[in-house]
2 protein chains.
Amino acid sequence: MVESPRIYTAALIVIGDEILSGRTQDKNIAQVAIWLGLQGIRLKEVRVVADDTPAIVEAVNTLRARNDYLFTTGGIGPTHDDITVDAVAEALGVSVVVHPEARDILTGYYETRGGLTETRLRMARVPHGAALIPNRYTGAPGIRYDNIFIMAGVPAITAGMLDALSGTLVGGSKLLSETIGCWVQESVVAELLQVTERAHPGTQIGSYPFWNEGRTGANFVIRSVDPEVLAACSRALIAGLEAMGKPAIFGGI
Amino acid sequence: MVESPRIYTAALIVIGDEILSGRTQDKNIAQVAIWLGLQGIRLKEVRVVADDTPAIVEAVNTLRARNDYLFTTGGIGPTHDDITVDAVAEALGVSVVVHPEARDILTGYYETRGGLTETRLRMARVPHGAALIPNRYTGAPGIRYDNIFIMAGVPAITAGMLDALSGTLVGGSKLLSETIGCWVQESVVAELLQVTERAHPGTQIGSYPFWNEGRTGANFVIRSVDPEVLAACSRALIAGLEAMGKPAIFGGI
């Protein structure tokens, strides 16, 4: 019997009233998802929660238990609404301490920016036992505790933290994908999609319709960890579309 | 004793592998959040789950029990990866039936588009006992069952469904907000923010920093259901910033 390859999963908690009010359009879900994919890790679930300690604690404890990795974004700045570190520490049952290296980083960063005040020192606070994730933009580091990664909410800063983590996490096979576009109503090819998926075990085909100036089209995204299975499934779908008189556009529309 | 005004809450489940893979940047969280705010309902939590029945069932049952309303987006098309209706019905413990009015709508919509096929009829399936939410763009309706609203994933179609629901839900006082911008590091005014918030019970102040061509600024968002408290808190914050030599920019930067 051949063992299935181990699939590594992650969850993400987006923390912030500004997302739940609609004031800020989240950009971290997509960028964390894409980055995880490159590490061979699948983003399995996301929760967006308010700046509210019980909500964060519940999400942290549920999601870390059932995923290999847990990421959070938001709530690690110096102001009173930044409660992520305290909430994660509460979820873990550990105290919050000032990390000496984080203090040194902030001392350096603020040397020419008015000095390290007590307020700014809040950004050196971590759950006891945590390590740091470098932040090349604004000094204040992200935090790693076991399988939990606590990151900034500002997308450019989050991106820098992800960059610093690239290649450091254990992952599995990357989930590969091909996109095939077609000017066709998805309802016309629904059966073809299902038959093609079933004929290629280990693939999933997603169908994403769009309406563009009166024309209807769809993109079909085929996913598999196996490049040969992926290619075979793509070829079969393209052939099936062509046989219906619907030219396939490789790469999508 | 004065009773606190009743706060109405909603949760949103975004359903779709395309969001979790990062292929598609979600736009529904922000638009549902803003629309709910206008109805006097607060978006309390969001979950993004895969096209996976157990994941949808778990999210539906947890979130509908603890919120006044539950919304879902995604997974109500005609293809094999559209499993939302079946999953919600499973969560509710009811069967799935073809809704006669939905069938009529689809018959009309597809009259000039190749006719109503068995595949397209999938989009008339609803949990037994459900009502319809009009879709003025592409025929296939959204679905309302008790306090659950099942909507499309394509943002323009979702917007049309929200529009059709406007004014029909019971909500409470709208959460009002003012944004005040300032070219200041948030760490410099963290104490002012906290003191101002505490001096105005019933307000929350969020602080959202940004970095722009070497300059650092922040927007402070003050929220309250009471317009007078909101105005007083805004005035106090503006005065506090001015007293520190930091001019406030009403409306934000």
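To compare the two chains, copies are superposed by least squares on the C-alpha atoms of residues with pLDDT of at least 70 in both. On that basis, in this predicted model, chain B can be laid on chain A with an RMSD of 0.0 Å by a turn of 180 degrees and a shift of 0.0 Å along the axis. That is the relation of a two-fold axis. Within chain B, the C-alpha nearest this axis belongs to B:R47, 2.2 Å away from it.

Let us look at how the copies meet. Chain B gives 47 residues to the contact, and chain A gives 47 residues. On the side of chain B that touches chain A, at least two residues come from each of α1 (17-20), α2 (28-38), β2 (41-49), α6 (118-121), α8 (186-199) and β10 (204-212). That side of chain B holds 20 nonpolar, 15 polar and 12 charged residues. Since 100% of the interface residues of chain B are also interface residues in chain A, the copies meet through the same surface.

Strand pairing also links the chains: β2 (residues 41-49) of chain A pairs with β2(B) in the antiparallel sense over three bridges. Here A:V46 stands opposite B:V48.

| Strand pair | Bridges | One facing pair |
|---|---|---|
| β2(A) and β2(B) | three bridges | A:V46 and B:V48 |
| β10(B) and β11(B) | nine bridges | B:Q204 and B:R223 |

The second pair belongs to an open sheet of four strands in chain B, with the order β10-β11-β9-β12 and antiparallel pairing. β10 and β12 (248-250) of chain B stand at the edges with a single partner strand each, so one side of each is left without a neighbour in the sheet. On average, and ignoring direction, neighbouring strands of this sheet are turned by 25 degrees against each other. Helix α8(B) lies across β10 and β11 of chain B, running at about 165 degrees to β10(B).

What does helix α8 pack against in chain A? Its partner is α9 (residues 227-243) of chain A, at an angle of about 155 degrees and with the axes 10 Å apart. Because angles over 145 degrees count as roughly antiparallel, α8(A) is roughly antiparallel to α9(A). The crossing of α8(A) past α9(A) is right-handed. From α8(A), the contact is made by A:V189, A:L192, A:T196 and A:A199, while α9(A) brings A:C233, A:A236, A:L237, A:G240 and A:L241. By class, this contact has seven nonpolar, two polar and no charged residues.

Conventions: Residues are numbered from 1 along each chain as its sequence is written. Chains are lettered from A and ligands numbered from 1 in the order in which they are written. This is a predicted model: local features need pLDDT of at least 70, side-chain atom pairs count only at pLDDT 80 or more; totals for chains, interfaces and linings use all residues. Two residues are in contact if their C-beta atoms, placed from the backbone, lie within 7 Å. Ala, Val, Leu, Ile, Met, Phe, Trp, Tyr, Cys and Pro count as nonpolar, Asp, Glu, Lys and Arg as charged, and the others, Gly among them, as polar. Two strands pair if DSSP finds at least two bridges between them. Axes are lines fitted to C-alpha atoms, for helices over the stretch in contact, and angles run from 0 to 180 degrees between N-to-C directions. Angles under 35 degrees count as roughly parallel, over 145 as roughly antiparallel, 65 to 115 as roughly perpendicular and the rest as oblique. A crossing is left-handed if the near helix is turned anticlockwise from the far one by less than a right angle, and right-handed if clockwise.
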